[in-house]
Amino acid sequence: MSDTKPDPIAQMEKIVSLCKRRGFIYPSSEIYGGCGGVWDYGPLGAELKRNLREAWWRAMTRDREDILGLDACILMNPAIWKASGHVDTFADMMRECSLTNKRVRADHVEAQAGTVMQFTGARAANGWSISRQITVLMKQGEHIESFRKRVRALIGQNAGAAAGKAEEIELLGEQKIEVVTASVDFHPESCGLLGESRPFNLMLRTYLGPTATEADVTYLRPETAQAIFAQFKNVFDSSRVKVPFGICQIGKAFRNEVTPKNFTFRSREFEQMELEFFIKPDEAVEIISGEVAKWTDGADLSEPQPNWGWEMWHQYWVAERKKFYQSIGLGDVLKDYWQTKDDLAHYARACVDILCEFPFGTEELEGIAARGEFDLSQHQKHSGKTQEVFDEDLKNAAAKLTPEQKEALIQKRLAAENSKVKGEPMPEADVRAWFERLFKGNYVPHVIEPSAGLDRMALAVIAKAFDETVKIDDKGKSETITVLRFHPRVAPIKCGVFPLLKNKPELVAKAREVYALLKPHMNCFYDETASIGRRYARQDEAGTPFGVTIDFDTLGEKPELLNTVTVRERDSNAQHRISISDLLGWLQARL
Ligand code: GAP
């Protein structure tokens, strides 16, 4: 494997190019010039994503007794997005270019140097004109004539056919205003002056119903989580579960990102994998267990315990999610960032970002938030439907408390409310009403939310797997070979099957037999063209961890090797002679 750190931009370009060349990821609608921030997955990408999706689903629900799955629709009643806060606050601050009207996220504008130029307007020979101030940055080192040409082209593009040919547009009243060395007031591409920062809601609006009026407006969901909250009661009532338990779902989410970037990292259509893990409020844990376990470094998180409050559960989920990333080969490129009190939303108690090293920097892969009872309470308030659960154990334990013990619990909560740094403290009357319901066994569950992006995970896995090696052939010629060193569990193709020669029917027949043996159990690829070395290289580039070659020994040229094949391992190049009857088990043990 290569040991020098590659140039990140070149590395990313190579990854994007490999993804297209080998059928992992293509730009959407490419034959029509693309569709910004939207990507399609080709045959290998679809398999990779499917493997990641299945690994997540297995880890989050199939392998556990306390998590159930959900498959909710993308379209929902728009009242959900009002209750969740998305209608009012799901916005990025953005600025608009005064020249082209293109928007850019305010925090994504990089400082630029150059000369600020101004024009009083522009006109064309056909009578078209604009008479407003146009302010554009002439970039440092840009020739004045190329600058004017660029401005004419941008004005022409914006005006469309009305302005005629861009090169014939006359710029009026040119003036040099000032030289700037590090200004963040110009659009990164057009260099047009940017307007003030304004909030820009990221939800994609659509209409549901025949009239297509404002009354029919709804949204393509910007996260899968809200459907889980909206269906919480149905799942709880229909599944004989007890808190703590979780509901998870995988599905599409849509955000009208102002500046989609870094390949699929920030897309406008993407897939999320979210778990809402519902837990008892700490007060309920204290009443039932007599205490709430305190988190200390190194505390045992292997088995959930009845005395765990939100803090232990949060730590537990951070540890579980890291274990998951380890299992798909991403363990060593992860870091975690614990949000500070200032970063946190007012309702959140803690949030950890699992960060991953991408060629373009260390960025968020998943967020794990302790969100209190905020989400279910909001839906209870806005829908008028109770989201409370009844807990028999809690009712029985509370019945044994003395009035003084109950009052002590209330006082503790009041003190906590009054020392809140963010958000309004709950009024005393509401705190007392809440405890009254709690002592009867009723509460709205709190939630821990591990929320991951599937497309980001796929990109992280591809970037981590990407490697180049230089091979010297028999004639001393060197060739750079790309290898995707996927963890076998997520590799799109698990095994290549190759007859040594394609013009020997006995070899081909045996190879097809081996292929037919493996195919029902794993995604295999049969290839009989070109030299074995070339076929290995093709599969290395696709990230296939194993290659099986059927040769003359398989047919019994050496009788002791009859019905054996050579298995080559992608990363070590090690070769093993294995009997066909053991082959499936040998491969399955390594996937
Ligand atoms: N329900 C919580 C939530 O949606 P988020 O941090 O906005 O939280 C969770 O999103 C995850 O979804 C992110 O960590 C990321 O992996 C993925 N994600 C969010 N926006 C994305 C985008 N525009 N493109 C690709 N993935 C995205």
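This is a predicted model: local features need pLDDT of at least 70, side-chain atom pairs count only at pLDDT 80 or more; totals for chains, interfaces and linings use all residues.
1. Ground rules. Numbering runs from 1 along each chain as its sequence is written, and side-chain values use heavy atoms, with hydrogens and water left out.

2. The ligand. There are 19 residues around the ligand, and the closest are E223, R255, E257, E274 and E364 (a residue is near if one of its heavy atoms lies within 4 Å of the molecule). For polar contacts (pairs of N or O atoms within 3.5 Å), an N or O atom in the R255 side chain sits 2.8 Å from a ligand oxygen. The side chain of E257 has an N or O atom 2.8 Å from a ligand nitrogen. F265 takes part through its backbone, with a polar atom there 3.3 Å from a nitrogen of the ligand.

3. I228. This residue is in helix α6, residues 225-230 (helices are DSSP runs of H or I, at least four residues; strands are runs of E, at least two; both are numbered from the N terminus). I228 counts as buried because its relative accessibility is 0% (buried is under 20%, exposed over 50%, partly exposed in between, with a 1.4 Å probe and protein chains only). Leaving out residues up to four places away in sequence, its contacts (heavy atoms within 4.5 Å) include L70 and E274. I228 and L70 are 158 residues apart along the chain, yet their C-alpha atoms are separated by 7.3 Å.

4. L562. Look for L562 in the loop between β27 (546-550) and β28 (564-569). Its relative accessibility is 45%, so L562 counts as partly exposed. Beyond four places in sequence, L562 touches D553, T554, L555 and G556. From L562 to Q157, 405 residues apart along the chain, the C-alpha separation is 70 Å.

5. The cavity. A cavity here is a set of points, on a 1 Å grid over the protein atoms alone, where a 1.4 Å probe fits but cannot get out; lining residues have an atom within 4 Å of a point. Helix α16 (532-542) and β27 each supply at least two lining residues, with the largest share, three residues, coming from α16. Among the lining residues are F498, Y536 and R568.

Methods. On a 1 Å grid over the protein atoms alone, a cavity is a set of points where a 1.4 Å probe fits but cannot get out, and a pocket is an open set with protein on both sides within 12 Å along at least five of seven lines; lining residues have an atom within 4 Å of a point. A polar contact is a pair of N or O atoms within 3.5 Å; within protein, one must be able to donate a hydrogen and the other to accept it, and residues adjacent in sequence count only if both atoms are side-chain atoms.
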